[in-house]
Amino acid sequence: MRFIALLLLCACLQVHAKGYSQITLSETNAPLQKVFKKIQKQSGYGFLFSVQLLQQAGPVTVKVSNVSLQKALEECLKGKELDYEIQTQTVIIKKRTATAVNLRQAASPPPLPGDIQGHITDSTGNPVAGATVSVKGSNVTTQTNSSGEFLLKGISSNATLIISSIGFETKEVNVGGLTTVSVRLNTSAAALKDVVVTALGITREKRGLTYSTQEIKGAAILRTKEPNVLNALQGQVSGAQITSSSGAPGSSTRIIIRGPTSVLGDNEALIVVDGLPINNAETGALTSGAGSSRIIDIDPATIETVNILKGAAATALYGSSGARGVVIITTRSGGINRKPVISFSSSVSRDKGIFPKFQDKYAQGIDGEFQDGDIVKSSASWGPLMDTLKINGRPAPKYDPIKMFFQTGLATNNTVSLNGGNNNSGYYMSYSYFSQKGIVPSTYFKRNSLFVKYNSRITEKLTSTFQLTYTNSDQRREPEGATFGQPGPIFVVYNQPISWNPFPIYNTDGTQRVFRNGRNNPYWDLQNVYNKYNVNRFISVVTLNYQPAKWLTVSDRLGGDIFTEQDNYKESPSDALNTPGTLIDNNINFRQFNNDLIISANRQFSDFNINLILGNNIYSSYTQRHNIQGVGLAVNDFDNVSSAATITASNKHFLQRKVGFYAQANIDYKKFLVLSATGRYDGSSVLARDNAFYPYGSIGANFIFSELLSSNLSKAISFGKLRVSYASVGNDNVGVYSLQTPYLAATINNIQFPYQGQAGFLLTQTLGNPHLKNERLNEFEIGGEVKVFNNRIAIEGAWFSRTSVDGIIPGVSISSATGFSGTTVNSARISNKGFELLVTAAAVRSKDFNWNITANFTKIRNKVLSLYGNLTSLGRIVVGQPYNIFFGSRFRRTDKGEVLVDPDGFPVLDDVPGIIGDANPDWLAGLSNSFQYKRFTLSFFIDIKKGGDVYNSTELNDYFFGTAKSTENRAPIIYKGIGIDDNKPNKVQVSAQDLYRYYSDIDEPAIQDASFIKLRNVTLGYDLNKQLFRRSPFKSGAVTLTGKNLWIHAPHFTSGDPEGSTYGSSNENQGVLGYAYPSTRSFIISLKLDF
Amino acid sequence: MKKIFILYSILLLLSGCKKYIDVNQDPNNPADVRESLILAPVEVAISQLQNGGRGVYVTAMYLQNAALAQDAPNTDTYRATNAEMNSTWNDLYTTILKNLRLLQSKAEANKKQNYVAVAKILTAFALGTATDMWGDIPYSQAFNGFEKLNPVYDKQEEVYKTMQQLLDEAIVHIGKNDVIVPGKDDFYYGGDMEAWKKLAYTLKARYFMHLTKAPGYDAATQADLALAALDNGMQSNDDDLKMGYTGAAGQEGPWFLNFQPGEALVLASTFVDNLISRGDPRLPAMVRPAESSGQYRGRIIGSTIEAPENYSYPSDFYAGNGASNYLVTFTEALFLKAEALLLKNGYAAAQPLYTAAIESHMEKLHISSTDVADYLAARGTLTNGNALRLIMEEKAVGNFLNFETYNDWRRTGYPTLTIVQNAVTDAIPRRLLYPESEKINNPQPQQSAKLTDKVWWDN
């Protein structure tokens, strides 16, 4: 025990590998410790030893020149009671004992003269198994074993060995009289071992993949300083559209990969953490506005990489839940034989709101006449100019509703982590506390996150990983959106006349002071209306890997995602709204378990490398929702439902289970042709019994053409591949219990049963469909990847065409005369076609200055092909149109598209509503640049969205109220259009007030093009000089300054940040913006220290 | 042997998987419930949705009883969309009629005669409301789920025959004197089957009278049928079909909710001014003065908007949080009898019933007997020239906020209404539009009907 402690204590600092190095030593009577330090410097290998042991061994005299590490070590330890062992990058010095005899020698008898024993490693020091070793000019050939070792007998002492292996540069080594050789192979340029995590946590070389994935490093995620990892990915992933819903702390974010495929069901990508699918539902939205996406419970600081699996071929193994794309999050881990490192990072952010523009010239009133909100309750700001307004003979004071109401937000984030490992295990622990105070007073989001991961090598063949995340997330927010007749402060503030002082909040009789009827005073809302949640979540994964043979691995991964959520909504009785007060306690009890048993075999048959995977998945998800609602609150400032006059409660349980069997085969021929096939057979509890099980699969091919290029060409094109794949993936995208038609506890308008002591049930309005089967997503994908100029520029592109068929539409409407207003059917078809491009370039690579550029581009066209029967539309889903169009009242137009104007000068409203906008962007692009000069780094990220409309209800309603900036010009308007009676251009002028107020009742003027260019973040970093830390416990450090949303160019949008969806991340809310919690522009300073 | 073992293992595994995922039985909602649990919410639904829902809300404006304190064009100036009818149609079919159908078949299976009767009476009542709103409606092919996704519409005449038949059958069922009666699940009558029978007869009379001008129907015959039914109809205010409310927070009646500030619904000038001009003592009992002025002031529909507090609202009797919702009343039965007698025997025969009807309504509103007498005197006696107008005018007051007034106005032209200013149609609407949801999901030829088109019996 003491020995191990000493080992740990004396373990040397580990330095990065410098590649294959020859060692030269010339020491006389030098302490071993000093000699090892020299070897370490030259080889890059770390040393692990007991100081005591070295002292006992005494000094050493050694003289070698350009020898291998092994040779040098042997020379040093000659005649000493010491032995060494090399384990991934580390040399362990130990006592020579009878049992712990040198493992190398125990493996095989000492070489006979003329025998060559060798050890082949890759550039990171890991053994290369299956490498071919042949003697130049002869037929003698052998292969390395699983430890990368080989033995060749009877070889001439000046023979040259040729060592080759897939993915490595072939190397020639002259034996030169040696009996042991140690060779380090360099990864071949064509096959830079870019390993990515694919479906089910299987790591594969990216070069061999037959589908599209994109990896984002943890560092890039941390750089954005976003508390939600999905926000951190915004704009960076080609093929994905990631949209935040509002600026409220902790608010939800939607991620759609390669376009929406479900009409009314879930369209968001599956989130997988270390092989475990986790819940990313939007919860906590008991009131108007967005909730939180539950991925917010994942601390970005614990993330090593995020890999996005885009197409159906990539996700076929995930099947049902992965059909919509998968975000694979891999967390950080410790490493074997890694010295403990403690890291501490801290950041502080100041957030300023990005607000709509308002007119600031005209007072409350109508027709230019002043109305004093204290006397005449009026919502209009169509009064006189403030400059001319006098109250009691004095110039009227002007109030800025925005400045008065909003505050500067403040967020702090502190993380401390510890990682390291000993010779058989590694650990990573981290704790972080994120706390954000919103720009709306009283709103906040706080997160405590604890993460522990422990991996250990139980035996040579059995390894395990155990990890646990505990998160507590806590949020408070206010209702958002156009909350007519409901509480919600932002709605009122944006309409508040500049001539009105919102203070005091109360009249002398104790009632609320308001400038108009039917709205609360916004400051009263802050104190009396809130929506809170508190989530306690545990995510745990246990992985066991058993490798009975070098080509066979059996692994089992069991994970659990468990959380409880306490939601509260409080609304005090309001005299302004004449409401009795409401309290809601909503508790969610969620647990999800997932087990994957995977058998993986990998064998080389002459030119073929065959990889087979067989697996089984068992999944179970349970949710309990316990809801208590109290109406009519009797006691002031007592937030307990016991004070309510009427209490209603409900308790619901939802259980879903799935089983899946899957197989995958990858056949690699001479490392330039890869054929890949997957198959899966799933059973899901939510489908009809007879249709519960369904098969699907994918097939893909990959052609690495750069392997066949002539040497001249391959100098220019270092890597090139073409790939094609087709997949058909089944999906059970429907909620539980959709097959049945039960009775529901009755709720009739406001009246909930039990009523007056009498229970009541009515048959549901939604007809269960007992024949429900899986839907299917068929996708064809073609893509390629080219690296040129010695890998300096890499271009990756894909084109895909995907169609969802038999699409499940939950709640599709049917004639009420059937007795039901809706049912669930299997009939929707939606197509998505798109193109993705990713370019990375190392523009400058030098010792002191580096410049890297990453650019991505996405263009997706989608179309709803069919719904159900005669049904041509379902809300915003219209057959023949892109997904999620805007449908509403509009102006009547001539054939040429000119608006018709009536004789009074007003545009004519069309009798029938129609399509007025499309929320889908034309294309998306992101451009990221990072510069490194000595210790400085500078990076900035530009995000571009072209097209895509929003329904801007802030602007529309503010036309009516006269607070919109566009209403500041109040000269009479001649509406541009054609007279409906005379067919001539309109010449009749109307007052601005009348026209804008007329507008406010029509949907069309609310539609705005939300194209934007955003400077999403800029980061300036400085790596603190090591010299600074010489006398401190710190090893390294960095200071970073970050700016978020520093610049937004949205030429057609009038209300601040054009991005978002006020009412949350669900389908129907996309692009609907109005009185949202403003997003913020932030300045962040962070410090990171390692000890 | 080995093969058999493997095969057996696979079978076992698959059947195990099947069992593992066989967990889709809804634990939250029952698959079946007994009659009383259905009756209670259906009764609430009839009050909240059928007699307080969008269809009735809209016709209260067409009748110029109510108005919107919002800019024209709006509902009160006859701006209407098919989509706004979705909820009323949906409520009638999926909440009320479908569940009544279930209640009836369950009660029939369990031989609970009185529940069968109640289900049939309420079905007739709901069908009556539906057909009077839209004319031809689905019924004979309705409520069949996937079996019949596009039920064709029955002719209104057929629907009326069905309604009378249902009421007749209900009376027979009640006549069986089954000992099982509804209890506190019957919010209307608490299981008083005599009261239900009176309701059935009163409804029969109502629906007979609706057809006085229907093609192929004779007014005198309809009056005879109505009179015969009314002999067994409601006999006092205690027989009223009404839904009471506790008025506790979250348990208010529909008209309280309809007149909430957020809805911007206020009283219309036509209704308020009529009461004022007639010196009707019920004015303070039915109307609340405007908050800002203390005056009784209805909104002139289509005029420039003012703040809601400048207008009158209904009194607490009609729109207080605990106000009862009156669905079918003894007062209406008396007016029906008055009208039938007028048709059969002339104004003199109608006079006592006309008086009794007004008195029964005023009694409910606690109008003093001197005020009642003064008012009756001021209104004058029925004459050949004024009888129908007075009966229908007074019936409209007695049936304030009840959908029946819209039927009466269409049948008789009383109370006299003139088209509102800034109207978007050239006549007062004579029906409701078919809902948009129905046009999309079940296209039928009848759905092209315009707001000013008449239903079959309206002539």
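# Exercises on a predicted two-chain model

In chain A of this predicted model, confidence is lowest in helix 1 (residues 2-10), with a mean of 35, and highest in strand 44 (residues 761-763), at 97.

**Exercise 1. Confidence along chain A**

Task: State the mean pLDDT of chain A, and identify where pLDDT stays under 50.

Solution. Begin with the chain as a whole: chain A has a mean pLDDT of 88, and 95% of its residues reach 70 or more. Next, locate the stretches under 50. Residues 1-20 of chain A are one such stretch, and the model gives them 38 contacts beyond four places in sequence. Residues 98-111 of chain A also stay under 50, with 13 contacts beyond four places in sequence.

**Exercise 2. An open sheet in chain A**

Task: Determine the order of the five strands in the open sheet of chain A, and say which are its edge strands.

Solution. The strand order is 15-22-23-18-19, and the pairing is mixed. The edges are strand 15 (213-217) and strand 19 (276-278) of chain A, each of which pairs on one side only. On average, neighbouring strands of this sheet are turned by 25° against each other, direction ignored. Now examine one pairing: strand 18 (residues 270-273) of chain A runs antiparallel to strand 19 of chain A, and three bridges join them. Within strand 19 of chain A, A:Leu276 stands opposite A:Val273.

**Exercise 3. Strand 12 of chain A**

Task: Decide whether strand 12 of chain A is largely enclosed or largely open, and describe how strand 6 of chain A is joined to it.

Solution. Count the buried residues, for which the cut-off is under 20% relative accessible area. Strand 12 (residues 180-184) of chain A has four buried residues out of five, so it is largely enclosed by the rest of the structure. Then consider the pairing: strand 6 (residues 116-121) of chain A runs parallel to strand 12 of chain A, with five bridges between them. One residue pair to inspect is A:His119 and its bridge partner in strand 12 of chain A, A:Ser182.

**Exercise 4. Nonpolar cores**

Task: Which residues touch the most other members of the largest nonpolar core?

Solution. This core holds 158 residues, and B:Trp134 and B:Trp196 touch the most other members. Helix 5 (residues 113-134) of chain B gives the most to the core, with 14 residues. A second, separate core of 36 residues includes A:Val326, A:Ile613, A:Leu687 and A:Tyr696.

**Exercise 5. Two helices of chain B**

Task: Classify the relative direction of helix 13 and helix 16 of chain B.

Solution. Helix 13 (residues 330-345) and helix 16 (residues 387-398) of chain B pack at an angle of about 170°, with their axes 10 Å apart. Angles over 145 degrees count as roughly antiparallel. The residues making the contact include B:Phe335, B:Leu336 and B:Leu342 of helix 13 of chain B, and B:Leu388, B:Ile391 and B:Met392 of helix 16 of chain B.

**Exercise 6. The setting of B:Val287**

Task: Is B:Val287 buried or exposed, and which residues does it contact?

Solution. B:Val287 lies in strand 4 (residues 287-288) of chain B. Its relative accessibility is 1%, so B:Val287 counts as buried. Beyond its neighbours within four places in sequence, the contacts of B:Val287 include B:Leu267, B:Phe271, B:Tyr296 and B:Pro314.

Conventions: Residues numbered from 1 in each chain as written. Chains lettered and ligands numbered in written order. Predicted model: local features only at pLDDT ≥ 70, side-chain atom pairs only at ≥ 80, totals over all residues. Heavy atoms only, no water. Pairing = 2+ DSSP bridges. Axes fitted to C-alpha atoms, helices over the stretch in contact; angles between N-to-C directions. pLDDT = per-residue confidence, 0-100. Contact = heavy atoms within 4.5 Å. Core = buried A, V, L, I, M, F, W, Y, C linked by side-chain atoms within 4.5 Å. Buried < 20%, exposed > 50% of the residue type's maximum accessible area, 1.4 Å probe, protein only. Parallel < 35°, antiparallel > 145°, perpendicular 65-115°, else oblique.
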